[in-house]
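Visitor: Please take me through this structure, starting with the terms you will rely on.

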Amino acid sequence: RWVAAARMRFCFSCSRAIDRIVVMVSASVKPNGASSLPLVIPGGHAGARVSKHLGTVLIVDDSEFDLRLVAHAARQLGYDVITARNAEEARALLPANPGIDVVVSDVMMEPTDGFALLDSIHERAPDMPVVLVTAHASTDLVIRGMKHRALDVIVEPVEPAQLQATLAVAMKRRELVTIDRGLLETLHRTIDEQTAEIQAKLVTH
């Protein structure tokens, strides 16, 4: 019993430590999307995979090499990964996988580019965080990304630390949107109930 209790305490401590890491990463994100935290997992080596499920990421890229590279990095961080080789495939995967939390898409794809994919995603899911990836960063491209409501625009080759920070921010935003939606639903339900009570009282009088 003593050994089992000790193991439970150890697992709980590890879980809380990982939670603190995610919070610290979110807080450390700089305006340019970079993070001041290195990609080091306590108790392991740099780049070690986090065992805790952090969310599900859809990665879209028509380059097989870049697709595998970003997918591997996301898995190492502890995310479940779904991949698509073009925008059309991504559009089909999104409604079939409602558990997707964030989309990471390359900008330069054929025949549909990342901006068109981003717009089509937001038509169906306005709150879905979408991160754009490009090998040719420019001020105009970043501004265009902001106009299209991209969460961030990151430059290839994607650095694991930057991906870690960006995905942490995306998950935090996803969490806040879910909380806001729940509060709004509760508010509407309360208003409907109170309206029904008032109408019932008016009828009886």
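Guide: Two strands are taken as paired if DSSP finds at least two bridges between them. Helices (H or I, at least four residues) and strands (E, at least two) are DSSP runs, numbered from the N terminus. The model is predicted, so local features need pLDDT of at least 70 and side-chain atom pairs count only at pLDDT 80 or more, while totals for chains, interfaces and linings use all residues. Residues are numbered from 1 along each chain as its sequence is written, and side-chain values use heavy atoms, with hydrogens and water left out.

Visitor: How many helices and strands does the protein have?

Guide: There are six helices and five strands. Along the sequence they follow the pattern α-β-α-β-α-β-α-β-α-β-α.

Visitor: In which sense do β1 and β2 pair?

Guide: Strand β1 (residues 56-60) pairs with strand β2 (residues 80-84) in the parallel sense, over five bridges. Within this pairing, Val57 stands opposite Val81 in β2. Between the two strands the chain passes through helix α2 (residues 64-77), and this β-α-β crossover is right-handed. Right-handed here means that, with the strands pointing away from the viewer, the path from the first strand over the helix to the second runs clockwise.

Visitor: Why is Asp80 classed as partly exposed?

Guide: Asp80 is classed that way because its relative accessible area is 39%. Buried means under 20% relative accessible area, exposed means over 50%, and partly exposed lies in between (1.4 Å probe, protein chains only).

Visitor: On to β3, then. Which strands does β3 join?

Guide: Strand β3 runs parallel to β1, with four bridges joining them; Ser105 of β3 is the bridge partner of Val60. Four bridges also join β3 to strand β4 (residues 130-134), again in a parallel arrangement. Ser105 stands opposite Leu132 in β4. From β3 the chain crosses through helix α4 (residues 114-124) to β4, and this β-α-β crossover is right-handed.

Visitor: Is β3 buried or exposed?

Guide: Strand β3 (residues 102-106) is mostly covered, with five of its five residues buried. In a regular strand the side chains alternate between the two faces of the sheet. In β3 both faces are covered: Val102, Val104 and Asp106 are buried on one side, and Val103 and Ser105 on the other.

Visitor: What about β5?

Guide: Strand β5 (residues 152-155) pairs with β4 in the parallel sense over four bridges. The bridge partner of Val131 in β5 is Asp152. The chain goes from β4 through helix α5 (residues 139-147) to β5, in a β-α-β crossover that is right-handed.

Visitor: New topic: backbone geometry. Which peptide bonds are cis?

Guide: The bond from Glu110 to Pro111 is cis, with omega near 0°, and Pro111 lies in the loop between β3 and α4. A cis peptide bond also joins Glu156 and Pro157, with omega about -5°; Pro157 is in the loop between β5 and α6 (160-204). Most residues other than glycine have a negative phi, and most peptide bonds are trans.

Visitor: Which residue has a positive phi although it is not a glycine?

Guide: Arg149 does, with a phi of about 65°. Arg149 lies in the loop between α5 and β5 and is partly exposed because its relative accessible area is 47%. The C-alpha atoms of Arg149 and Pro126, 23 residues apart along the chain, are separated by 9.5 Å. Pro126 lies in the loop between α4 and β4.

Visitor: And the aromatic rings? What lies over the face of Phe115?

Guide: Arg144 does, at 3.9 Å from the ring centre. A charge sits over a ring if NZ of Lys or CZ of Arg is within 6 Å of the ring centre and within 35 degrees of the ring normal.

Visitor: Lastly, what share of the protein counts as buried?

Guide: Of the 205 residues, 37% count as buried. Among contacts with a separation of 6 or more, residues 24 or more positions apart account for 62%.

Key: Contact means heavy atoms within 4.5 Å.
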